[in-house]
Structure formats: structure tokens, C-alpha cells
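Student: Please show me the sequence and the structure. Then take me through them by question and answer.

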Protein chains: 2
Amino acid sequence: MMKRITSRLEAEELLKTRGVQPTSQRVEVLYRLHASQRHLAAEDLHECLNEEFTRVSRATVYNTLNLLKSYGLVGAVLVDAGRILYDANTEPHYHMYDVETGELTDIGCGVLPPEALPGIPDDRLMCGVDVIIKVSKKRSEHH
Amino acid sequence: MMKRITSRLEAEELLKTRGVQPTSQRVEVLYRLHASQRHLAAEDLHECLNEEFTRVSRATVYNTLNLLKSYGLVGAVLVDAGRILYDANTEPHYHMYDVETGELTDIGCGVLPPEALPGIPDDRLMCGVDVIIKVSKKRSEHH
DNA sequence: ACTCGACTTTAGACAATGTCTAATATCAGA
DNA sequence: TCTGATATTAGACATTGTCTAAAGTCGAGT
């Protein structure tokens, strides 16, 4: 089970143990993402950081999210064109996306462990699996 | 097994049978996507259409792809931020994405039928499943 | 063939998202 | 405290996709 970060201090510790310089901006981004309990876009996070006391530039939010992602400290989900949502949950899991509301929900992958996925060529290493199950409340418009 | 379109005439027939007005632009877009045998971005398609005799505007390429997608005549895959790749293969299938080269390959979903996916709430209808298996040749940079 | 109305295409403006650059600021180690 | 390496910043830039208003095309009914 993943440790949930509940304070800036814990975020700082986590960064240190991974060998990432725990600057105040990085700590803040990581902490806020955990605190929000939701999936956030970079712009959401930028906005949310700057309505409080903190002041973090747009570029830093983007850079930091890319950095955290490259260290596996956050997850990224592509739902629509030109929109990445970030996810504090770094356990392997899948997503359910409501195409009407835009709501994105985590789904455990118990029934469908990544190992069960179709085989990949021998010369490649799997470095991630994205599963997005799209749902809606209505039937699609064209039958 | 899906019928592969090999001529503009077949593209036109397909559009007609689905009740979509088979304009020359739509026929051309649908035909070219099948002819290319690859996954193409809207811009690729726009470029490729206009180096030949045909002349199709950017807006029409985007509109047409959205239209075809809403009728299930083409598939769309999100691989990177702000980049949709379109796919002539409308059979249920998954994708393998090489994060280094950007190469996107179809993978059958025989081993992993969509029905095997985690349950979704009763009040929602599943309207699609995206599975992207990310692979690379090297280990990721941060161990 | 003609006309009308509905649909389609078009060019270009616009919007949203993310990246890059050069200057400045900050940090860690000597 | 110094110094080099690293991080942050503002703003320009690039890319992708959407919107709008005008012009073009299609087809049914006459």
C-alpha cells in the first residue's frame, strides 16, 4: 500500500529519499497534488498554488510535474486532446473517464493485473500501461 | 474481420451505408487513412492530402475526423499531450507505444477481451476502452 | 433546368496547452 | 564566504485543435 502524503514535511522526505532536490516549489507541488485527492491538470495546480500565499511560476509547475513523473512520484493520465491530468496515486491502477462530465476515477486493476496484458516483443521493456475505460450515462448519438 | 478499404469507391460506399453524406473530402480522408496503413495525426493527414492534387482545408480535416470518429468509422488514440493519432482499424484492439521512437503499433486484444475489464457502475454504459502499453528499449533513466 | 433550404467547406482568427530561452536566484560543498 | 551547479522565472514561442462568418455545394421538389 502506498504511503499517502499528508504534510509538506512528508513530501520533502519523499523527495530526499529519491534523490530529488527538495526545493520549496517541488515540495509544494507534490504536497498539493496529494492533498487535493483529485486528478489535476497543470493549470489547475498552477492556479491553486497561486491563490494561496505561495508563488510558483507556470514553467516551474510544468517542469516539476515532468520531473516528478520521470521519477515515478506522480502519474499522468491523458484523457482528452491536449490535457494531461496528474495523479498522486502511483500504485498500478486504471481509470474510468466519464466522457460527459469529464470526471476521472481510479479503478484498481485487481481483475486485470498488468502481467495479464498481451505479450510485448522481447527486445522491449514495458514501462507502463495506461487503461482508460470510457463511460457515459446515455447511449452514443449514432447507433 | 473488418473490411479494409482499398479504393475511394469503397470509402464512398461505406459512408453511404452509414448515412453519412459522402462528400469528396470525406471520401478522401477516409480512403487515405486506410491507404496509409499507419496511425496518422490530423496534421499529417492534412499535409499528405495537400501534397497531391486534392485540396482540403485544415478545418475540414479536423471536422471530418471528428465526424468519422463519432460514427465509429475511425479510431482515435491519445499518445502524447496534445496529439491525437487516428486509426483506420475500428476493430476492438489495443496499442503498443514506443516512448522513444513514437512508433504506435496495434495489438490484438485476444488475451484481454474488453469484458474482462473491471466492473463499471450500473448507471453507466461503457463506451470505449483505451489500452496503451508503453514500451522502450532501454531502462528508464531513474532506477 | 431552376430555386430554395440545408448542409459543407473554407480561411483565418482564436483558445488552450505545453516548451524553450535567457536572465536571475538559490543551494550545497569547499 | 565563495563558486559552480542547479532551479526558478517571465515571457516568447510552438503546436494542436476549435470557432466563426462567408462562400460553395448538394439535392428534393417543382
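Tutor: Helices (H or I, at least four residues) and strands (E, at least two) are DSSP runs, numbered from the N terminus. This is a predicted model: local features need pLDDT of at least 70, side-chain atom pairs count only at pLDDT 80 or more, and totals for chains, interfaces and linings use all residues. Residues are numbered from 1 along each chain as its sequence is written, while chains are lettered from A and ligands numbered from 1 in the order in which they are written.

Student: How far does α2(B) reach from its first C-alpha to its last?

Tutor: α2(B) has 13 residues. The expected span of a helix is 1.5 Å times one less than its number of residues. For α2(B) that gives 18 Å, and the reach is close to this, at 18 Å.

Student: Which residues of α2(B) are buried, and what covers them?

Tutor: A residue is buried if 20 or more other C-beta atoms, placed from the backbone, lie within 10 Å of its own. In α2(B) that holds for R26(B), V27(B), E28(B), V29(B), L30(B), Y31(B), R32(B) and L33(B). The cover includes α1 (8–17), β1 (40–41), α3, α4 and β3 of chain B.

Student: Which strands stand at the edges of the sheet in chain B?

Tutor: Two strands pair if DSSP finds at least two bridges between them. The open sheet of chain B has the order β1-β3-β2, with antiparallel pairing. Each edge strand has a single partner, so one side of each is left without a neighbour in the sheet; these are β1 and β2 (75–80) of chain B.

Student: What is the bridge partner of L78(B)?

Tutor: β2(B) and β3(B) run antiparallel, joined by five bridges. The partner lies in β3(B). It is I84(B).

Student: Which element gives the most to the surface near DNA strand D?

Tutor: A residue is near a strand if its C-beta atom, placed from the backbone, lies within 6 Å of it. Of the 22 residues around DNA strand D, those that come nearest include I84(B) and T23(A). Two or more residues come from each of α2 (24–36) and α4 of chain A, and α3 (42–51), α4 and β3 (83–87) of chain B. With four residues, the top contributor is α4(A).

Student: And which element supplies the largest share near DNA strand C?

Tutor: DNA strand C is surrounded by 22 residues, with I84(A) and T23(B) among the closest. The largest share is four residues, from α4(B).

How values were computed. A residue is buried if 20 or more other C-beta atoms lie within 10 Å of its own, exposed if 12 or fewer, and partly exposed in between; C-beta atoms are placed from the backbone. Two residues are in contact if their C-beta atoms, placed from the backbone, lie within 7 Å.
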